[in-house]
Amino acid sequence: MAQLVTEWVNVTGDTSIIARESGEVWFHTRSGTKEGADPFATPMTGVGAAGSTIKLLDGAINLGFAGIENRLARPDLTLAGYIVALVGAYHTSVDTPRNLRRAAGRFNEIGRPEVAAYLEDRAREETGHDRLALKDLRALGVPGERLVANFFPEGIKPLCKRFDDLCAADYPIACIGYSYCLERIAALKQETDIDKVKVLCPEGVDATRFLRSHSCLGSEVAHVEETIAFVASLPANDRISVVRETYESAVIMAEGYNHELLKSETQMLDEIRQAVGETLPHLHSSHSSRREEDGARPAA
Ligand SMILES: [Fe+2]
Ligand SMILES: [Fe+2]
């Protein structure tokens, strides 16, 4: 019988994630193991398998988010918060196809057509997602184009910068780790999360296009599955880079999302007002019926 695959990646300091094809996963610290007796001290070189690769990738996300566990914001949902989240969703998706195509071009240049083909597929699939966010904003009576042109939420900037930089690298394999992180987190959103947003929307208004498509009901689930299978097929060095970036991206996302979620309702209404150059009365009337400390929203 063929031996089960074991994969491992050192993600930070002396912490490594080790995963078996059978689905077992654990975090391993090098300190404490005798020198020369640690089989995971050297990078893995073997083949991957979907069962272990998914555990490495998800372990990296969990480890990345563990850093904010104690100060994680858990605000209630408000319309202003949802609008800010849609602005963030727009910015994280508007350049995605162009960035992925740039990375694909580089892989074609260096003779890795299979990576280029995967990235080109993803670029096609992600095309138009920024427009879903704009449509949702418009449906909510917000001048979406004006809002996104003048408002780039502080917590979202480092995420976008990260993806730009990863896709512009000489060897841009790590951009897959960033995309995985973003899509995996989106795919965790359930129908109940969408229902909570619908309750906030005016009667008859559909403003959940982006959220639906980036949830367990939309294309994200298939994107995540495709990525796991693709990453598992890559050589060990590439898998290591992708898993490490999944961790790094998760750290940036955790900090960035939390920064946005910690904002008060007044702060968010103010940011929206400044960006569109006018007060949107329907947002303020929904605000006045809530207590200030009821806070924010779900990241779309
Ligand atoms: Fe998307
Ligand atoms: Fe996607």
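How many bridges pair strand 1 and strand 2, and in which sense? Six bridges, in the antiparallel sense. That pair is the first stop.

**Before you start**

This is a predicted model, where local features need pLDDT of at least 70, side-chain atom pairs count only at pLDDT 80 or more, and totals for chains, interfaces and linings use all residues. Residues are numbered from 1 along each chain as its sequence is written, chains are lettered from A and ligands numbered from 1 in the order in which they are written, and side-chain values use heavy atoms, with hydrogens and water left out.

**Stop 1**

Select strand 1 (6-12), strand 2 (residues 15-20) and strand 3 (residues 25-29). Strands here are DSSP runs of E, at least two residues long; helices are runs of H or I, at least four residues long; both are numbered from the N terminus. The three strands make an open sheet in the order 1-2-3, with antiparallel pairing. Strand 1 and strand 3 are at the edges, each with a single partner strand, so one side of each has no neighbour in the sheet. From one strand to the next, the twist averages 25°. Two strands count as paired if DSSP finds at least two bridges between them. Strands of a sheet pair through backbone hydrogen bonds, either parallel or antiparallel.

Zoom in on Trp8. Its bridge partner in strand 2 is Ile18. Next, show Gly13, in the hairpin of strand 1 and strand 2. Two residues lie between these strands, and Gly13 takes a positive phi near 50°.

Move to strand 2 and strand 3. Five bridges join them, and they run antiparallel. Click Ser16: its bridge partner in strand 3 is His28. Click Ala19: its bridge partner in strand 3 is Val25. This hairpin has four residues between its strands, and Gly23 in the turn has a positive phi of about 105°.

Now colour strand 1 by accessibility. Is this strand mostly covered or uncovered? Strand 1 is mostly covered, with five of its seven residues buried. Buried means under 20% relative accessible area, exposed over 50%, and partly exposed in between (1.4 Å probe, protein chains only).

Helix 1 lies across strand 1, strand 2 and strand 3, and runs at about 150° to strand 2. Axes are lines fitted to C-alpha atoms, for helices over the stretch in contact, and angles run from 0 to 180 degrees between N-to-C directions.

**Stop 2: the iron site**

Select the iron ion (ligand 1). Which residues are its protein donors? They are Glu126 (OE), His129 (ND1) and His214 (NE2), lying 2.1 to 2.2 Å from the ion. Donors are N, O and S atoms within 2.8 Å of the metal (3.2 Å for Na, K and Ca); water is not among the atoms, so sites may look incomplete. The donor spacing in sequence is E-x2-H-x84-H. His129 is in helix 5 (residues 129-139), while His214 is in the loop between helix 10 (209-213) and helix 11 (220-233), 85 residues apart. Both histidines, His129 and His214, are buried.

Glu126 bridges the two iron ions, ligand 1 and ligand 2, which lie 3.6 Å apart.

**Stop 3: Glu183**

Select Glu183, in helix 8. Glu183 counts as buried because its relative accessibility is 5%. Not counting residues up to four places away in sequence, Glu183 touches Arg122, Glu126, Glu220, His223, Val224 and Thr227. Contact means heavy atoms within 4.5 Å.

**Stop 4: two helix pairs**

Show helix 8 (residues 175-187) with helix 12 (residues 236-261). They pack at an angle of about 50°, with axes 7 Å apart. That makes helix 8 oblique to helix 12. Angles under 35 degrees count as roughly parallel, over 145 as roughly antiparallel, 65 to 115 as roughly perpendicular and the rest as oblique. Residues in the contact include Tyr178 and Cys181 of helix 8, and Thr246 and Met253 of helix 12.

Now show helix 2 (residues 79-94) with helix 5. Their axes come within 8 Å and cross at roughly 160°. Helix 2 is therefore roughly antiparallel to helix 5. Among the residues that meet are Tyr82 and Leu86 in helix 2, and His129 and Ala133 in helix 5.
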